[in-house]
Amino acid sequence: MATFLYRLGRWAFARRKLVTLLWVAVLAVCGVLAAKAPAAPDDGFSMPGTEAQKAFDLMNERFPGGHADGASARLVFTAPNGQKITAEPNKKAVESTVAELAHAEEVTGAVDPFQAHAVSQDGTTAYATVSYSVKAGKLSDGATTALEQAAQHGRDAGLKVEVGGTALMAKPEAGGSSEAIGMALSAVVLVITFGSLVAAGLPLLTAIVGVGLGMSLIAALGSTLGLSTTTGTLAMMLGLAVGIDYAVFIVSRYRAELAEGRTPQEAAGRAVGTAGSAVVFAGLTVVIALAGLSVVGIPLLAKMGMAAAGTVVIAVLVALTLVPALLGFIGRKVLPRKVRKAPEGAAPRTGDNGGARWARFVLRRPLAVLLGGVIGLGVLAAPALDLNLGLPGDESKPTSTTQRRAYDQLSEGFGPGFNGPLTVLVDVKGTADPKGAANEVVKAVSSVPGVDRVSPPVFNQAGDTALVNAIPTTGPSDARTKDLVHTIRGKAAGLKTATGATVLVSGTTAMNIDVSQKLSDALLPYLAVVVGLAVLLLLVVFRSVLVPVKAALGFLLSVAAALGAVVAVFQWGWLADLIGVEQTGPVMSMMPIFMIGVVFGLAMDYEVFLVTRIREGFVHGESPDQAIVTGFRHNARVVTAAAFIMIAVFAGFIGMSEPMIKMMGLGLATAVAFDAFIVRMTIVPAVLALLGRRAWWMPRWLDRIVPDVDVEGSKLHAAAPEAAPEREPVTV
């Protein structure tokens, strides 16, 4: 592989105009296709195989026009202190507000709270339910404006009015300030790392090309493959991350080859042949992690993974072809000015850089360093043992939001379970006494401990399906509510036998419980698939049994520690005030799998780039310890820079107001920090030092089976047309 990529790099360098024009043409064509493509479909979040989803689908079938998946809003009215909401002036203000909304854009119904008996027992609070014909997050600006104006009119009448529900859910944004801040921080780090504006700008430029092409393809194929705008969110984030990383490593190796006195074309060929080989396999590990999201069983997550995997493949191709082509235009300008202007006979600088000094420090005391790193991560991971997964709702939002205030008012006026009602669907099709069967279900559900009250059954026009609302005594994220859902479902078989009716429990709360359970069940299979395939791939890369196993175990340590940090902050409340977390609660159920998919790819990037350079030194005759020093001398700085870029980008999300985004930012930033600096930069050299030559051991029978892909580029030293340096080497 190294020989093929070496030739590819030299060819792209020599044919730089052709290669650049081809990429520009491809980007332009895909941009035109994306602009002319039909609009992306609506996001369809579904959980096939769950009871909540089955009930949801049946609800849409049996109640046509009911818009079971449409957005909804709850206007919560609270009377001024000492007054009742039922007082005539207050009652008129509520009725006027609801009547105003009933004729608003996209509204299918607005229920008067006094007709629906939606008034609290103490008479101070009432709520009106407003239903919409479109999904949450898809409301027009006119519809949301009408909702906000109606609420303000109620406030002007002297009432306290807050809006809950899904109608004011923020629309997902792809791109924006987060990516702009990330690019700016990346530029700063790259300028510091390379000491050259040209060298710093090239990775940013190629990353933009790769992400632009990937997002254009997603838009162009959106209607055909069912890829929505949300599908591309992960693709944009990871495409930018790996696009910068891969270009950085090739540019860094190109600079090193130039510093050894080679011609620019030869340097480009060797950079692509060695660092490019690492890019290929690093990209494959990321693709494995992202494609593995398909095993989770959530269609939206699977599409996000596959779209992101396609963008990573594009990033690899850009790094292998466009980067050396652009290097052909730049030549020696990637080097700092003082290096370019050094006289031909200048003596090379000697001595270790920071990476080499750190490697020597670890080599002097590898066991202590290893134990310190493992114990430290173990302590940080301890809170993860108390991990409680869920899908936080309005209760986790800041108190400054109207959704949170509406949640609190409903809890105070109607009880905590009112914010998480359970929708019990009763399928009485084919039963002798449909109404009797539905009433039996109501009695059975009412008798379950933890149920506060149950509404009478509401039948569809055909009379073969009824809906029953059950209000728990506990909040939607309470563990007791989860037990209640399981208890009601446990009675379904007995009710089927007694009445012939099929009972299914759904609603937002039940759906959240099912999502969390399905994600929890998929976690171990996902880990097994991703880590197993990656270990096999790294076995080919490093031709070693122990190094891939060490890489996987180190990754598990860093992810566990990051989850521990998330639990400590978002469940336990440690340092919560510092980052603006106003309410503790369960960890987002998608968080562990999402972190594994994203961080695994980045962690294996760092592992491949760092350890392939160590193996390269070992294969070329250095002792195991000296190879470690060589690897860190050449690659520690760029790995550190890549990690800092990712940490800065992810940490930017911690300042967002949305708790789930804040959680993702903290989890990803800490995971990258732990993996890059504790695992890859500390534990990895310590383990390699303790293993010595055994680190590169492979049984003979396995050695004969595993293909030799020559990632370290040993064949390039034997058959390179310009192996001899032109002048004295210079350390960059």
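A polar contact is a pair of N or O atoms within 3.5 Å; within protein, one atom must be able to donate a hydrogen and the other to accept it, and residues adjacent in sequence count only if both atoms are side-chain atoms. The model toured here is predicted, so that local features need pLDDT of at least 70 and side-chain atom pairs count only at pLDDT 80 or more, whereas totals for chains, interfaces and linings use all residues. Residues are numbered from 1 along each chain as its sequence is written, and side-chain values use heavy atoms, with hydrogens and water left out.

**Stop 1: Thr 499**

Select Thr 499, which belongs to helix α18 (residues 492-499). Helices (H or I, at least four residues) and strands (E, at least two) are DSSP runs, numbered from the N terminus. The side chain of Thr 499 has two polar contacts to display. One reaches the backbone oxygen of Leu 495 at 2.7 Å; in the other, a polar atom of the Thr 499 side chain lies 3.2 Å from the backbone nitrogen of Ala 501. Beyond its neighbours within four places in sequence, Thr 499 is in contact (heavy atoms within 4.5 Å) with Thr 431, Ala 437 and Glu 440.

**Stop 2: Lys 443**

Next, select Lys 443 in helix α16 (residues 434-446). Lys 443 is exposed, with a relative accessible area of 56%. The classes are buried for under 20% relative accessible area, exposed for over 50%, and partly exposed in between (1.4 Å probe, protein chains only). A distance drawn from the C-alpha atom of Lys 443 to that of Val 454, 11 residues away along the chain, reads 8.7 Å.

**Stop 3**

Asn 419 is located in the loop between α15 (402-414) and β6 (422-427). With a relative accessible area of 19%, Asn 419 is buried. A polar atom of its side chain lies 3.2 Å from the backbone oxygen of Tyr 407. Setting aside neighbours within four places in sequence, the residues in contact with Asn 419 are Arg 74, Tyr 407, Leu 410, Ser 411 and Pro 476.

Move on to Pro 476, in the loop between β9 (465-472) and α17. Residues up to four places away in sequence not being counted, Pro 476 touches Tyr 407, Pro 416, Asn 419, Gly 420, Thr 481 and Thr 509. Glu 395 is 81 residues from Pro 476 in sequence, yet the two are 9.0 Å apart in space, C-alpha to C-alpha.

**Stop 4: helices α17 and α19**

Two packed helices are described by the angle between their axes and the distance between the axes. Show helix α17 (residues 479-490) together with helix α19 (residues 508-542): they pack at an angle of about 95°, and their axes are 10 Å apart. The axes are lines fitted to C-alpha atoms, for helices over the stretch in contact, and angles run from 0 to 180 degrees between N-to-C directions. The two helices are therefore roughly perpendicular to each other; angles under 35 degrees count as roughly parallel, over 145 as roughly antiparallel, 65 to 115 as roughly perpendicular and the rest as oblique. To view the contact, select Thr 481, Lys 482, Val 485 and Arg 489 of α17 with Thr 509, Ala 510, Ile 513, Asp 514 and Gln 517 of α19.

**Stop 5**

Arg 543 is in the loop between α19 and α20 (546-571). Although not a glycine, Arg 543 has a positive phi of about 50°. Arg 543 is buried, at a relative accessible area of 11%.

Glu 106 is partly exposed, with a relative accessible area of 22%.

**Stop 6: Asn 388**

Select Asn 388 in the loop between α14 (366-381) and β5 (389-390). Asn 388 is partly exposed, its relative accessible area being 36%. Apart from residues up to four places away in sequence, Asn 388 touches Gln 571, Pro 586 and Val 587. Val 567 lies 179 residues from Asn 388 in sequence and 8.2 Å from it in space, C-alpha to C-alpha.

**Stop 7: the nonpolar cores**

A nonpolar core is a set of buried Ala, Val, Leu, Ile, Met, Phe, Trp, Tyr and Cys residues joined through side-chain atoms within 4.5 Å. The largest has 175 residues, and Leu 234 and Tyr 246 are those with the most contacts inside it. Helix α11 (residues 299-330) gives the most to this core, with 19 residues. Another core, of 28 residues, lies apart from the largest one; Ile 85, Val 94, Ala 143 and Ala 167 are among its members.
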